[in-house]
Amino acid sequence: MDAYVHVRGLSKAFPVRRGVGQVLRGEHPVVHAVRDLDFDIAQGETVGLLGESGCGKTTTGRLLLKLVEPTSGTARIGTRELAGLKGAALRDFRRDVQFVFQNPFDALNPRIQIGRSLAEPLINAGVPKAEHADRIRLVLERVRIKGVELLERFPHEMSGGQLQRIVLARALVLEPRFIVADEPVSMLDVSVRAGILNLMRDLQDSLGLTAIYISHDLALVRYVARRTMVMYLGSLVEDGPTEDVISRPLHPYTRALIAAVPLPRVSQTRDPLPLRPGTPDARKVGAGCAFVNRCPVAIAACTAERPPLVTLPGGRRVACHLMPAATQPRPPVTLSPAL
Amino acid sequence: MSTPAEGKRRRRFPSLMRALRLPENDPLAMIGVAIYVVFLLVALFADVLASDPLEILFLDDGNLAANVPPSLAFPLGTTNLGRDIYSQLIVGTRAAFVVGLTAAIAVVAVGTLVGLLAGYFGGWVDNVLMRLADIALGIPFLPFVIVLAAFLGAQTQNVVLAITVLLWPNTARVIRSQVLTLRERGFVEAARVAGSSDWRIIRVHIAPNILPLSLLYGSIAIGWAILTEASISFLGFGPSGSVSWGAMLQDAYASQALSRGSYNWFVPPGLCIVLVVVAGFFISRGYEEVLFPKLKD
């Protein structure tokens, strides 16, 4: 299979601050931000990575960008294995793989002008200086920003929507092949979100980019991505075509996630969420399923053993012990038109 | 409401203020810069403004011009050994600035570099550098300077060395903590994704953002260095035969100028020290405004 992004067993554990007792006992407690991720992304595909805060979706993005080193597992993007990339090979990798930041107000150095921020990737990639102006003009056209005089401005002189276009332009100026977008519009006003998302979608089509959108927002993922992966406490729990995942969620967590989508009318009565009360805690994930303490349908096997991510006929994947039973008809999930 | 004319009037030397990254409409910072500029000019043109400060002068009647009160010929009077106080004060500016500026530059250079490296790279680099800083902070100030002067000789460069060794940790600590927060900012990560090397990130994205802080500590260090130089000279460990404000005070003290009521002797150098230190404080206030704009409220 010739996937563009190829991830196997990717895990990242962060050390936790130790208490006196743990230091004395020589323990090194860790929190498993990401554990045993397996997925492929085909060339040109757009994937949404959906999950709640703290589920490890941002860490996954940072692993793919080689901003953090994995504890174990491998990731390959294009022809490059991420492990051991350095020097010139790492610089080439940075040309191909780019990042769109969540917070445009923080993603640009406040002390340097927009133009210099945009030129930085070009300088690092060794693009001759004579070409800089042309490449920057081209990329500004692509993100539909008019006026070269903007290049003289400082970030605080621009609006959030403009800044996010600039951040996008900086990601695109080297003509990358793979984009990681981490909550690309969550810091923006609702009024400019659609504009940015449409722009990103158009650019992806016209440039043939492969992309992964990381978000907690079901509506966003549904809008931009054909395929959705759902994460819970560091593990992938479900993976499949977005429309199928939303209309026929297989994993109990995905069902809860979709049932939690706000309803457009206040008066509308809603069923209680299919969740048991509890908080997710990545430090307390035991041998069993990560979701077991909140799962409404958990059985004994769920505490004893981690359910593997199994591929179902048709290509969907789900990690749940109840899977054969769970495919049985279940009450349909009503989606609000607001989605 | 400010009219354009007013706006123009308030910006006295905008380019200088901008080069120093100071707010252009901060009157205190302006006063501080003005005091520095005046003293700097005096130091540069000391030869023109004053005669030999160590020359022993005589009156027209052939007597030693000792303890002459201020007059037209001796604007600030003379010392008990017949030396011109005004000339000493002017030439002493030079010593103050040579020591003050070189020490401040050395302190800021060492402190900023150590802070940048420790904060950015972390790990063992951070540990080694910060433990060194702790050791330096534990050294008592004046005894160390006196011992150093005793061992290496009472020379100007040893005074500067002592001040540098003792003052860099303060700057380094503050710069380091600032770098620690900057390192986590989105634009630093963005630079890394854009392919920037560690050195480029430090140079382009981190160092310019901590420059006002470095300059703040520089302006404080100038005052400290001048005070220290004065203390060392006053205690008699300064370079012998040199003229500085501290040495003047030492001289006045040793010859009991206070009991003779020769205020013209010890008030001017004391006042100059205060002025330069206060100027440093004013400028640091200006930087505070750049760094923490919300303090103004």
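In what order do the 8 strands of the open sheet of chain A lie? In this predicted model, the strands follow the order β6-β7-β8-β3-β9-β10-β12-β11 in chain A, and their pairing is mixed. The edges of the sheet are held by β6 (97-100) and β11 (310-311) of chain A, each of which has a single partner strand, so that one side of each is left without a neighbour in the sheet. Within the sheet, strand β7 (residues 178-182) and strand β8 (residues 210-215) of chain A are paired in the parallel sense over 5 bridges, and Val180(A) of this region is placed opposite Ile212(A) in β8(A). Helix α10 (residues 252-259) of chain A lies across β9 (227-232) and β10 (235-241) of chain A, and its direction makes an angle of about 105° with β9(A).

Further pairing in chain A involves β1, β4 and β5. Strand β1 (residues 5-15) runs antiparallel to strand β4 (residues 72-77) of chain A, the two being joined by 5 bridges, and Arg8(A) has Thr74(A) in β4(A) as its bridge partner. Strand β4(A) also pairs with strand β5 (residues 80-81) of chain A, again in the antiparallel sense, over 2 bridges, with Glu81(A) in β5(A) as the bridge partner of Arg76(A). The hairpin formed by β4(A) and β5(A) has 2 residues between the strands, and Gly78(A) adopts a positive phi near 65° there.

Chain A is divided into domain 1 (5-225) and domain 2 (249-339), whose centres, taken over C-alpha atoms, are separated by 29 Å. Contact between the domains involves 9 residues of domain 1 and 9 residues of domain 2 of chain A. On the domain 1 side, the elements that give two or more residues are β2 (30-41) and α8 (218-224) of chain A, and the largest share, 4 residues, comes from β2(A). By class, this side of domain 1 has 5 nonpolar, 2 polar and 2 charged residues.

Between the chains, 19 residues of chain A are in contact with 14 residues of chain B. The elements of chain A that give two or more residues to the side touching chain B are α3 (87-96), β6 and α4 (114-125), among which α4(A) provides the largest share, 4 residues. The residues of chain A on this side divide into 8 nonpolar, 4 polar and 7 charged.

Technical notes. Residues are numbered from 1 along each chain as its sequence is written. Chains are lettered from A and ligands numbered from 1 in the order in which they are written. This is a predicted model: local features need pLDDT of at least 70, side-chain atom pairs count only at pLDDT 80 or more; totals for chains, interfaces and linings use all residues. Two strands pair if DSSP finds at least two bridges between them. Two residues are in contact if their C-beta atoms, placed from the backbone, lie within 7 Å. Axes are lines fitted to C-alpha atoms, for helices over the stretch in contact, and angles run from 0 to 180 degrees between N-to-C directions. Ala, Val, Leu, Ile, Met, Phe, Trp, Tyr, Cys and Pro count as nonpolar, Asp, Glu, Lys and Arg as charged, and the others, Gly among them, as polar. Domain bounds come from an automatic or database domain assignment.
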